[in-house]
Amino acid sequence: MTAEPFTAHRAPERAVTQRETGGREAPRPGSTGAPAPAPPSASERLRRKVRDNLVAYLFLTAGILCFALFSWYPIVRGVLLSFQQVNFAEPARWVGLDNFRRLLDDPLFLTAWRNTGWFTLLALVFGFAAPFATAVVLNELRDGRGYLRMTVYLPVMLPPVVTMLLWRWFYDPGPGLFNNALKVLHLPAQQWLESQNLSMVSLVLVSTWANMGTTTLIYLAALGGIPGELYEAAELDGASIRQRLWHVTVPQMRFILMITLLLQVIGTMQVFVEPFVLTGGGPNDATVTVLLLLYRYAFVYNDFGLASAMSTVLFVVLGLFAGVYLRLTRTKG
C-alpha cells in the first residue's frame, strides 16, 4: 500500500476577495499585515543630511571665512579706496573718479605700462622658449635626469631677494661675473643695470632664471604623456628631430603651451621684486613697472587712493587675461 503524498491532505488555499476584507487590499502571504513606515519628510531629510555632513560643512565654512577675510574683503576694500582720498592720517574723503583722472594725467602711468609691456614681451621671448627647450632636452636624457630636474628647479626654492642680490653681484660693473667673462673674451665691459638699453633685458634674464623651473617641470610632465608610438611612426617615416618636434611634440602640447603662455603674461605683468631690488626703477625710469609705481604711490607719496586706483586698473586688465584662461580650460574640459 503506497502512501499518498503529504500535499494530498492539505486543503486548497482559498483566495481572499476584497469583499471579505472590506474593500482593503488583501495582505500578501507571509506578510505581518503591519503598515509600511511613512517616508521621511523634507525637513527630516535635511536634518539627517546636515547631521551626516556636519564636519564637512564646518571645514567649508572655515575656508569661506578665510577667503572672505583675506581675499574678497581686500579686493572690495581696494575698489572702494580708489574712489576716496585716503592717507590713513586723516578721515577718508569721497572724490569719485578724481583718482583715475589724476592717474591718467601722470606721465609715469603710461611709462609704467609701456615698460611692463616691454618686460612681458621680452619675458615671452626668453622665458617662454627656454623652459620648453630645457624640458625637451631633459626628456631625451636617460642618465642623471632626476639630478638635472633638481638643478633646474633649485632657483625656484631660493628666496627672491637672495636671488636678486646674487644677480646684482653678477651684474656688478667692477668685479662682476659677467664683466669678468667679457674681459676674458677681450670684449668691453657693460653697465648692465645702469644702461637704458640693457637694464630691462638684464631684469628679464634674472626673472627667467629664477622662475623657469616650475614651467620646465610642467612641460616634462606633458612630454611624458605623449604616446611613444607617435614618435616611432614619425621616425619610420623619415622625420628629422626638428620635424618630430614641430609635427608631434608641439601639436600634442598645444593646450599646455597656451595655458602657460597666458599664466606667464599674467605673472610678468605683476613684476615688482626685480626692478625694486636691482634698479629701483632706473635709469631714467626705464624699468618703472606698474607695481613699482603703485608702491611709490602708496608708500612713498602716501596717496593710498591713487594707489588703489592703479591697482583697480591692473585688476581689470588681469581679469581679462584670467577670463581667457578660464574660457580655454573650460573648453578643454
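## Burial and Thr111

A residue is buried when its relative accessible area is under 20%, exposed when it is over 50%, and partly exposed in between (1.4 Å probe, protein chains only). Thr111 is buried, at 16% relative accessible area. Thr111 sits in helix H4, residues 107–127. Contact means heavy atoms within 4.5 Å. Leaving aside residues up to four places away in sequence, Thr111 touches Asp285 and Val288.

## The model

This is a predicted model: local features need pLDDT of at least 70, side-chain atom pairs count only at pLDDT 80 or more, and totals for chains, interfaces and linings use all residues. Residues are numbered from 1 along each chain as its sequence is written, and side-chain values use heavy atoms, with hydrogens and water left out.

## The whole chain

The chain has 15 helices and 2 strands. These are DSSP runs numbered from the N terminus: helices (H or I) of at least four residues, strands (E) of at least two. Of the 333 residues, 32% are buried. Among contacts with a separation of 6 or more, 64% join residues 24 or more positions apart.

The chain exposes about 22200 Å², and carbon and sulfur atoms supply 65% of that. Accessible areas come from the Shrake-Rupley method with a 1.4 Å probe; for residues, only the protein chains shown count as cover.

## Salt bridges

A salt bridge puts a side-chain nitrogen of Lys or Arg within 4 Å of a carboxyl oxygen of Asp or Glu. The structure holds 3 of them.

One joins Arg101 to Asp98, with the closest N and O atoms 2.6 Å apart. Both lie in helix H3 (residues 98–105), 3 residues apart, about one turn of the helix. Arg101 is partly exposed at 49% relative accessibility, and Asp98 is partly exposed at 35%.

Another pairs Asp303 with Arg102, at 2.4 Å between the closest N and O atoms. This pair links distant parts of the chain, 201 residues apart: Asp303 is in the loop between helix H14 (290–300) and helix H15 (304–332), and Arg102 is in helix H3. Asp303 is buried at 14% relative accessibility; Arg102 is partly exposed at 38%.

Arg296 and Asp285 also meet in a salt bridge, 3.8 Å from N to O. Arg296 lies in helix H14 and Asp285 in the loop between helix H13 (273–279) and H14, so the pair ties together parts 11 residues apart in sequence. Arg296 is buried at 16%. Asp285, which Thr111 touches, is partly exposed at 30%.
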